[in-house]
Amino acid sequence: MPLFLSPSAFAERQQVEGEGSYFLMNNELEDEALAKERARYEALLIASEQAAIFVDSSPELYFDQLTLSELRSYAASVIKVQRLPQYTSYPRGRGTMYYCRLVAVADTNDFKHTSIEYIQKSRRESEERNRLIREMDELKHKYARAYSEIEKQNIRSRMKQLRDKFMRNETYTSSTYNTAMAKLAYNDGLDYDNDKDYSNAIKYYQKALSYDPRYVPAYNNLGIIYEDVLMDYEKARECFETSVQIDPAYDFGYCNLGILYNDVYHDYDKAMENYRRVLRLNPKFPGIYRYIARTYLAMEQYEDALSNVQKEMSNNKPKKNDYCLLGEIYLATGEYERAMEVLEKAISMDKDYAEAYLYRGLTYEQMGNKFQALKDISKAKELDPNNEKAIQNYSRLQ
């Protein structure tokens, strides 16, 4: 099964809202897109101020060294807008008034892992946007007083530069910030995963993807949980396939797809296809020849299975899994003494290794020692109560 790992934390949430407006009067300098963005930016600032007041008053958080202005700048980069902003416009005098309303959620979890670097970065971004606004407004006044066409042309040219720069900052939550927050959520998920708290592991992996939908390790680890724990194999396959669609060079995703096709679907051709992709990407990928050997064993191509597991052991430090797999191959080819030797080696490396006890028991059976066979298989069943092969063989030998 896959080996590659590419109680709920309490959080407070509050809905925040903002309404902004902007009057578009001079169509020679500005356009509808800029007017809408100016209105949206004002609405976001109002919502962010509500969010800053909310988190500043939260008993969970303590911001001794931050001003409310700094919190507001940071909130503008992390609050989650719940749906598309709503725009309306009405003619007024010689121009058009644009309105924007947005609804967002402030979540204290988004403020728990903050750092001074992110605070400073969000403050700089906010100051830069406000500077652009001030300069655009100054240009509008200059344009109204300009007489010569050359002066007006220069102002229009400068206004276009400022407008384009302002519009490029339309998305306030930067990709760098999103990736950093995704990594923090992913690491929380990994901690829960290692503690076998899979419900919370799933929650935090999904949270990582809410920050960065292209965060490949989160898809990978979700796939492992769906396969190994929840046994939802279609969801597992979907997660692994998504990981390699996002990153075609993601060798872990291809390897886990190969394992899934081998162990669950018994589609050995597809398993091999994915293993070969791993080899093309990374010939030194740890364990890959062992997985190829397992597929050859399932196909009863024993020479190929043996050569691949031996290649794995020569490329990397031999592991208990390698010795156990050798034992399975030797058992299948009737080399019982060799099987016994390598299976005992695997057990010496891990006294609680259920698979090794199972195959040593099956080897004892072939050697005519039913008593020791039943004892070993019983031990395997005790160590791994969900091992179907151990359960079936124990019932058969009783």
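A crossing of two helices is called left-handed if the near helix is turned anticlockwise from the far one by less than a right angle, and right-handed if clockwise. Helices here are DSSP runs of H or I with at least four residues, strands are runs of E with at least two, and both are numbered from the N terminus.

This is a predicted model, where local features need pLDDT of at least 70 and side-chain atom pairs count only at pLDDT 80 or more, while totals for chains, interfaces and linings use all residues. Residues are numbered from 1 along each chain as its sequence is written, and side-chain values use heavy atoms, with hydrogens and water left out.

I start with H16, residues 354-366, and H18, residues 388-397. Their axes lie 11 Å apart and the helices pack at about 30°; axes are lines fitted to C-alpha atoms, for helices over the stretch in contact, with angles from 0 to 180 degrees between N-to-C directions. That makes H16 roughly parallel to H18. The cut-offs are under 35 degrees for roughly parallel, over 145 for roughly antiparallel, 65 to 115 for roughly perpendicular, and oblique for the rest. H16 passes H18 in a left-handed crossing.

Which residues of H16 and H18 meet? From H16 they are Leu358, Tyr359, Leu362 and Glu365, and from H18 Lys389, Ala390, Asn393, Arg396 and Leu397. Contact means heavy atoms within 4.5 Å.

Next, H9, residues 233-246, and H10. Their axes come within 9 Å and cross at roughly 155°, and the two are therefore roughly antiparallel. This crossing is left-handed. Among the H9 residues in the contact are Tyr233, Phe240 and Val244, which together with others meet an H10 set including Leu257, Tyr261 and Tyr265.

Two of those tyrosines come up again. Tyr261 and Tyr265 are four residues apart in H10, residues 251-265, which means about one helical turn separates them. The whole structure has nine aromatic pairs. In the pair of Tyr261 and Tyr265, the ring centres are 5.6 Å apart and the planes are at 45°, so this pair is tilted. Rings of Phe, Tyr and Trp (its six-membered ring) pair if their centres lie within 6.5 Å; planes under 30 degrees apart are stacked, over 60 edge-to-face, and the rest tilted.

Last, the hairpin. Strands E3, residues 86-92, and E4, residues 95-107, run antiparallel and are joined by seven bridges; pairing takes at least two DSSP bridges. Arg92 has Gly95 in E4 as its bridge partner. Two residues lie between the strands, and Gly93 takes a positive phi near 55°.
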